[in-house]
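Hi,

Here is the structure I said I would pass on.

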Amino acid sequence: MFDWIDYNWVKALHVIAVISWMAGLLYLPRLFVYHVEATPGSEHSETLKIMERRLMKAIMTPAMGVTWLAGLYLLWDGGWMSDGWMHAKLTCVVLMSIAHEMMKKWMKDFANDKNTKSQKFFRIANEVPTVLMIIVVIMVIVKPF
């Protein structure tokens, strides 16, 4: 059905999208840490709002979409749905997607000058994608089960 699609090109696209998405998932909470310190309405706060919005809309959300689309194609074409490592990987990717949506909510809170979270909260939130990424890489490379 999709004989014209080259698996390796889709895999390359998937890896590029994952790297782009992860860059955003790791950088946006760091911007939030700085944003907590900014006085609402200040030039610094308004600049951070622009940076956060552009990161989310121009990089993170499109990269997440391409990650999912290419990844689902690779899953289907590779026939890995019955593999345990893939179940663990998909669970982590779903959790990353939830983290993405939470970051979108926090971004909107900052945009409306209604953030109630602390720097410590965002420092901890910054670690969640890292832990999930480590698990995903181990699942894909080692395939422990």
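H1 and H2 are roughly antiparallel to each other, because their packing angle of about 150° falls in the range over 145 that counts as such. Helix H1 covers residues 7–37, and its axis lies 7 Å from that of H2. As for handedness, H1 and H2 make a left-handed crossing. Sorted by class, the residues in the contact of H1 with H2 come out as 25 nonpolar, nine polar and four charged. Before you go further, please keep in mind that this is a predicted model.

Is threonine 67 buried or exposed? Its relative accessible area is 5%, and the cut-off for buried is under 20%, so threonine 67 is buried. And what does it touch, once the neighbours within four places in sequence are left aside? The contacts of threonine 67 are then His14, Ala17, Val18 and Trp21.

The other pair I looked at is H3 with H5. Helix H3 runs over residues 84–111 and helix H5 over residues 127–142. Their axes come within 9 Å and cross at roughly 155°. That angle is over 145, so H3 is roughly antiparallel to H5. This crossing, of H3 and H5, is left-handed. If you want to pick out the contact in your viewer, H3 brings in Trp85, Ala88, Lys89, Cys92, Val93, Leu95, Met96 and Met103. From H5 the list is Pro129, Leu132, Met133, Ile135, Val136, Met139 and Val140. In class terms, the contact of H3 with H5 has 14 nonpolar residues, no polar ones and one charged.

Still on H5, isoleucine 134 is found in that helix too. At a relative accessible area of 43%, isoleucine 134 sits between the 20% and 50% cut-offs, so it is partly exposed. In sequence, isoleucine 134 and proline 29 are 105 residues apart, and their C-alpha atoms are separated by 18 Å.

Now the backbone. Which residues other than glycine have a positive phi? Aspartate 113 is one of them, with phi near 55°. Aspartate 113 is placed in the loop between H3 and helix H4, the latter being 119–125. Lysine 143 is another non-glycine residue with a positive phi, about 50° in its case, and it lies in the segment after H5. As for accessibility, aspartate 113 counts as partly exposed at 39%. Lysine 143 also counts as partly exposed, with a relative accessibility of 39%.

Finally, the whole chain. Along the principal axes, the C-alpha atoms fill a box of roughly 55 × 30 × 15 Å. The chain has 145 residues, and 35% of them count as buried. Its accessible surface is about 8600 Å², with 68% of that belonging to carbon and sulfur atoms. Among contacts with a separation of 6 or more, 79% are between residues 24 or more positions apart.

Over to you, and send me any thoughts you have.

Cheers

Conventions: Residues numbered from 1 in each chain as written. Predicted model: local features only at pLDDT ≥ 70, side-chain atom pairs only at ≥ 80, totals over all residues. Heavy atoms only, no water. Buried < 20%, exposed > 50% of the residue type's maximum accessible area, 1.4 Å probe, protein only. Contact = heavy atoms within 4.5 Å. Axes fitted to C-alpha atoms, helices over the stretch in contact; angles between N-to-C directions. Helix = DSSP H or I, 4+ residues; strand = E, 2+ residues; numbered from the N terminus. Parallel < 35°, antiparallel > 145°, perpendicular 65-115°, else oblique. Left-handed = near helix turned anticlockwise from the far one by under 90°. Nonpolar A, V, L, I, M, F, W, Y, C, P; charged D, E, K, R; others polar. Areas by Shrake-Rupley, 256 points an atom, 1.4 Å probe, with all protein chains shown as cover.
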